[in-house]
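Visitor: Hi, I'm new to this. Could you walk me through a protein model in plain words?
Guide: Happy to, let's look at it together.

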Amino acid sequence: MKKILLTLFVAIIACKKQDTNTEVTRWEKHASNIEIIRDDFGVPHIYGKTDADAVFGLLYAQCEDDFNRVEQNYIWAIGRLAEVEGEEAIYSDLRARLFMTKEEAIANYEKAPVWLKKLCDAFADGINYYLYTHPEVTPKLITHFEPWMPMYFSEGSIGGDIERVSTKRIKAFYENKEALKLTAYGDALTHKDPHSEPSGSNGFAISGKLTQSGNAMLLINPHTSFFFRGEVHVVSEEGLNAYGAITWGQFFVYQGFNEKTGWMHTSTYTDVIDEYIETISSQDGQLKYAYGDESRDVATSEVTLKYKDRDQIREREFPIYKTHHGPITHMIDDKWVSTALMWSPVKALEQSYTRTKLNGHKAFKQMMNIRTNSSNNTVYADADGNIAYYHGNFIPKRDTLFNFRKPVDGSNPATDWKGLHTVDESIVVVNPESGWIQNCNSTPFTSAAEYSPKKEDYPKYMSIDRENFRGIHAIRLLKKVDSLTLDKLIEIGYDPYLPAFETLIPGLIEAYDKSPVKNTDLKEPIDILRKWDFAVSSESVAMSLAHFYGLTYRKLGKKPENLSAMETFTYFGTSSPAQERLSIFSKTISQLNTDFGSWNTPWGEINRYQRINGDIQQPFDDSKPSLPVGLASGRWGALASYGAKSYDGTKRIYGTSGNSFVAVVEFGDKVKAKTMLAGGQSGDPDSPHFDDQAQRYIDVKFKDVAYYKEDVVKRAKKTYHPGEK
């Protein structure tokens, strides 16, 4: 018996060794087909024989730059966060598994087209080869990446739609069958805190009739958390030649360009998530839900989730309930509620990857008809001179008799989705007479001035007709565009004017001037604001006063219900009580005196850039070096958004979001581009590319892109194959 067990043990070890050898052989074959050239800013230019080789090299290079963020994105996406962060994160993991279990992810991978499976294989191989050749790197959790993992992370935006599903409500339902109060919007989804920094992006497409060269141009300006995406260039002999921003851990350029086309995404207000109130009963031990005259089975399964408890890993089992609408995610009153959203990972990956290889608007539109880019709008330009805008992409058809902004009756078949709108049925702008297109997370009905789509032509669920200060700012500037160059496009994207203060500050000055009894402590700061041109700069004291006055008023001011952010600040400047304005400004002055020693403090002394280490959650420290920044929050209409706030132990405010990766692109016989990163390409504080772009970022000193091989070689600082030191 002992001999049999020993033989079995030896056989198992031999099989494992053979598997490892097979893997290493495969990895080394990939690596031999790949050349990585790092330029003078550390940007990796990856050249592979096949697309799969290029993907392998791309993931290897990403891990070199920031394995921490690559791994973290997958720990979150595949539902294993609690194994790192503890039991409270288990509901984030449960949310991920409600929409797709590991077994379902594997099944999706298996049914994917052969070409896509090869890319998924190369994704895993590239990361695993990095770990194999860097034994000094210790993953927090995932020691071996699998080719099915991208199925959880397929659409480009980390989080995307699924983050709208509340983990608090999942916890309340799956722990206690408890219903939580609905939101102020009448639903149970998550909504951004109105006091927090606005997120989103800017996309501009400019026709050649408005440019000096006669070529179309594109501004790519996502407003994300800093260091959220790296800058890459990935090339294969199978037609791939894409440059741009990649979300850590994904194998496609998410926002960028190739020689013929460019694409930019902005967050959409298209309604793509619906809540269905289900009528549940139990019949002979089987859970049922009502659907018209039918009584259908609730699909029930179980999932085991692990979580960290001090130095131990424990397990919890959860049921999973699903109707044809989607998984049960919460309760409203005594009813179970399912949540429907886009979950088609294979098609989403197909769309995200094929987008990077297209060479004209006809092909791009065909790609858009895959309709799995659910959480974003797309701004487009190409070498043929076309410009276009697609508002949303995944848009379910619905019966407009129902208000899908709120939960609907799942037992009524009339509330079901009726398929998806085609691209032609969606809000689309192509080559408008204006010569320009803009979207700043604002209404699509001003995207091309008077040549914009008309809201009455579309169902209400396709968009919210809501403007913001960035949209207002962009339209004013683009209406004046002529003989545009890339440098002039950068100037537009960084225009310092802040339209939010056009009414807010004159309203304050008016209240002071008309006050029968003047507060003498306010005279000097009021006079500074009186002379201000509403432009941000690091030297501006008026900017400091206006910023904190606006924030304080947003927090303490009384206003009518249901005003948008733009309407709120307009109200505070035109219709709020004069005494309230002066009282809040007085509080602002007192706070500035307390925090900075004087209200008369230039903006750059307050508004700072600091990157102490490579942590995902950045620490900040007033006693450590930082840089003054002359940019402002997007809430004030700053196109070049710089979202900053104070942290525990700090008085100064530090930027963490806004302009992160920015690019301007000109298409023609040859593509030209300039780019900027917040900080640098690497997440390693010991790397020269950890913060080599920080001062350039502040000075708006863009770098020229090396796109063509001869230019890449001229700027090469290191050339190597994966695995070479």
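**Chatting through the model**

Guide: Let's start with Tyr289, which touches Glu278, Thr279, Ile280, Glu294, Ser295, Arg296, Asp297, Val298, Thr323 and His324, leaving out residues up to four places away in sequence. Touching, or contact, means heavy atoms within 4.5 Å.

Visitor: Before we go on, what kind of model is this?
Guide: This is a predicted model, where local features need pLDDT of at least 70, side-chain atom pairs count only at pLDDT 80 or more, and totals for chains, interfaces and linings use all residues. Residues are numbered from 1 along each chain as its sequence is written, and side-chain values use heavy atoms, with hydrogens and water left out.

Visitor: Thanks! Where is Tyr289 found?
Guide: Tyr289 is in strand S11. Helices (H or I, at least four residues) and strands (E, at least two) are DSSP runs, numbered from the N terminus.

Visitor: Is Tyr289 buried or exposed?
Guide: Tyr289 counts as buried, because its relative accessibility is 3%. Buried means under 20% relative accessible area, exposed means over 50%, and partly exposed is in between (1.4 Å probe, protein chains only).

Visitor: Which side chain does the side chain of Tyr289 make a polar contact with?
Guide: That of His324, at 2.9 Å. A polar contact is a pair of N or O atoms within 3.5 Å; within protein, one must be able to donate a hydrogen and the other to accept it, and residues adjacent in sequence count only if both atoms are side-chain atoms.

Visitor: Let's switch to helices. What is the span of H14?
Guide: Helix H14 covers residues 541-556, and its end C-alpha atoms are 23 Å apart. At 1.5 Å a residue, its 16 residues should span 22 Å, which agrees. The expected span is 1.5 Å times one less than the number of residues.

Visitor: How many residues of H14 are buried?
Guide: 12 of the 16 are buried, so H14 is largely enclosed by the rest of the structure. Among them are Leu545, Phe548, Tyr549 and Arg554.

Visitor: What covers the buried residues of H14?
Guide: The cover includes helices H12 (501-514), H13 (520-530), H15 (565-574), H16 (578-596) and H17 (603-606), along with strand S25 (653-659).

Visitor: Which residue caps the N-terminal end of H14?
Guide: Ser540 does, with a side-chain oxygen 3.4 Å from the backbone nitrogen of Ala542.

Visitor: You mentioned H16. What does Thr588 touch?
Guide: Thr588 lies in H16 and touches Leu545, Phe548, Tyr549 and Thr552, not counting residues up to four places away in sequence. Thr588 is buried, with a relative accessible area of 2%.

Visitor: Are Lys587 and Gln591 buried, partly exposed or exposed?
Guide: Lys587, also in H16, counts as partly exposed at 44% relative accessibility. The C-alpha atoms of Gln591 and Thr552 are 9.8 Å apart, although the two residues are 39 apart in sequence.

Visitor: New topic: what is phi like at Asn562?
Guide: Asn562 has a positive phi of about 65° although it is not a glycine. Most residues other than glycine have a negative phi. Asn562 sits in the loop between H14 and H15 and is exposed, with a relative accessible area of 74%.

Visitor: And what about phi at Asp284?
Guide: Phi of Asp284 is positive, near 55°. Asp284 lies in the loop between strand S10 (280-283) and strand S11 (286-291), and counts as exposed at 86% relative accessibility.

Visitor: Last one: which residue caps the N-terminal end of H7?
Guide: Ser166 caps H7, with a side-chain oxygen 3.2 Å from the backbone nitrogen of Lys168. The buried residues of H7 (167-176) are Arg169, Ile170, Ala172, Phe173 and Tyr174. H7 is followed by Lys177, whose phi is positive, near 50°.
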